[in-house]
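We will go from stop to stop, and each stop tells you what to pick.

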Amino acid sequence: MGKRNKWRKSMVLALALAGGLLFNTVQPTVVHAEETSQQMIDKKTKIDAEVKKLQEELTNLQNEIDEKVKVFNQVQADIKEVDANIVDTKKRIEQRSTILSDRMAAYQAQDSTVGVYLNAVLEAKSLADLMDRVVAVKTLMDADQELVDQQEADKANLEKQKATLDEKQQELQKQFQELQQKESEMEVKKAENEAKSLALKAQIATKQEEERLEAERKKAEEEAARLRALQAATPVVQATNNNNNSDNSNANNGNSSQKIVIGSGSGAASSGDAISTAKQFLGRSYVWGGSNPSTGFDCSGLVQWSYKQAGVSLPRTASQQYLATQRISASEARVGDLVFFSYGSGVAHVGIYLGNNTMIDAQNKGVVVESLDWWNQYLVGFGRIQ
């Protein structure tokens with residue numbers, strides 16, 4: 001009996017020790033798991049804050065763009081008003097010119113304005129009649145002088161209106177370029193934000209989900225890197241001049257002596273269809289962010305829509321369209337290729353090449369067919385749709 005009690009005590013002691021050991025080996029694992037989970041929560045919170053900060057940057061950038069769009073639209077409205085005023089002023093000047101020409105012919109028939117007064121004096125039948133005639137002639141002469149004064153005033157006003165129009169158009173061009181560059185900045189930030197968001201999700205996902213998210217993150221980072229690389233894109237004329245260590249001030253003014261030889265080969269059938277579609281909108285006002293006929297068009301919106309009608313799918317922005325097309329030299333360019341431009345920081349503008357050194361594009365003056373001569377100072381290159 002004594003031996004059995006001793007055996008029981010030994011077993012209890014052994015079990016107690018085993019339980020203690022088991023507790024000691026499991027407990028640290030639980031604590032470690034809790035610490036890992038807390039670390040993940042802290043990390044997620046930190047990255048969430050970073051993503052939120054990036055989103056706030058995007059929001060601020062978008063607000064900045066929206067404000068610039070308002071200014072752009074207001075300048076467009078100002079230009080329309082000045083244009084209308086110029087038309088009215090020119091009309092008044094032309095009408096007065098006709099009246100004054102008729103009056104001048106009448107005076108010349110009398111040899112001089114003195115002849116008008118002389119006839120009035122000689123033909124008067126009495127002193128009262130003479131006074132009436134003199135007053136009538138004086139009134140007529142004063143009216144003619146008033147017409148002349150109004151004419152001179154309108155001519156001076158017309159010159160001021162033209163100067164104002166020129167200033168407004170320059171301001172519109174500046175706003176146009178700034179807006180396009182801001183869009184390029186926004187694209188990079190969006191891609192970076194997407195990559196960070198995917199990285200966050202991957203850290204708290206299952207193994208299978210983590211692999212998928214990691215692949216998407218790499219793709220987003222590659223897109224961001226490609227877009228960032230485009231921020232360094234510079235016009236070919238300016239780049240050539242810099243390589244030659246020559247003064248590029250003329251290039252910046254569009255007066256560079258650097259000759260760009262541009263081809264004019266025939267394009268594919270889809271190019272012809274796209275060009276025909278684009279030409280339907282000639283004269284349509286430029287609309288920031290516009291990508292279809294109901295909203296109007298910006299540059300890349302016009303290109304995307306026109307090619308979509310021809311059965312060709314293109315990305316939305318000028319930068320994305322640049323990345324989606326095959327690089328070709330200017331001399332290889334043919335009708336229907338896309339032509340891209342930069343104002344010094346990223347690809348910001350795009351048009352459809354028409355051959356003969358012309359393109360159709362949506363710019364600050366609306367949808368137009370225009371020469372590349374002025375645009376050559378911003379030319380980055382040509383892209384062929386695959």
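## Start at a strand pair

Select strand 5 and strand 6: they pair in the antiparallel sense over three bridges. Here, two strands pair if DSSP finds at least two bridges between them, and strands (E, at least two residues) and helices (H or I, at least four) are DSSP runs numbered from the N terminus. Before going on, note that this is a predicted model, in which local features need pLDDT of at least 70 and side-chain atom pairs count only at pLDDT 80 or more, while totals for chains, interfaces and linings use all residues. Residues are numbered from 1 along each chain as its sequence is written, and side-chain values use heavy atoms, with hydrogens and water left out.

Now pick Gly 355, and you will find it opposite Thr 358 in strand 6. Two residues lie between the strands of this hairpin. Colour Asn 356 and Asn 357, which lie in the loop between strand 5 (347-355) and strand 6 (358-363). Asn 356 has a phi near 55°, a positive value in a residue other than glycine. Asn 357 also has a positive phi, near 65°.

Asn 357, at 22%, counts as partly exposed. The cut-offs are under 20% relative accessible area for buried, over 50% for exposed and in between for partly exposed (1.4 Å probe, protein chains only).

Three bridges join strand 3 to strand 8 (residues 379-384), and the two run antiparallel. To see one of these contacts by name, select Ile 328, whose bridge partner in strand 8 is Phe 382.

Val 339 has Gly 351 in strand 5 as its bridge partner. The hairpin of these two strands has four residues between them, and Gly 344 there takes a positive phi near 125°.

Is strand 5 largely enclosed or left open? Nine of the nine residues of strand 5 are buried, so it is largely enclosed by the rest of the structure.

## Into the core

Select Ile 262, Tyr 307, Leu 338, Phe 341, Val 347, Ile 352 and Phe 382: these have the most contacts inside the largest nonpolar core, which has 60 residues. A nonpolar core is a set of buried Ala, Val, Leu, Ile, Met, Phe, Trp, Tyr and Cys residues joined through side-chain atoms within 4.5 Å. The largest share of this core, ten residues, comes from helix 1 (residues 2-109).

Centre on Ile 262. Leaving aside neighbours within four places in sequence, its contacts (heavy atoms within 4.5 Å) include Ala 330, Tyr 353, Asn 357, Leu 372 and Phe 382.

## Last stop: the rings

Show Phe 341, Tyr 343, Trp 374, Trp 375 and Tyr 378, which form one aromatic cluster. Rings of Phe, Tyr and Trp (its six-membered ring) pair if their centres lie within 6.5 Å; planes under 30 degrees apart count as stacked, over 60 as edge-to-face and the rest as tilted. By this rule the model has ten aromatic pairs. In one of them, Trp 374 and Trp 375 have ring centres 5.0 Å apart and planes at 85°, so the pair is edge-to-face. Trp 375 and Tyr 378 are also edge-to-face, because their planes stand at 65°, with centres 6.4 Å apart.

Trp 374 is partly exposed at 40%, Trp 375 is buried at 1%, and Tyr 378 is buried at 14%.
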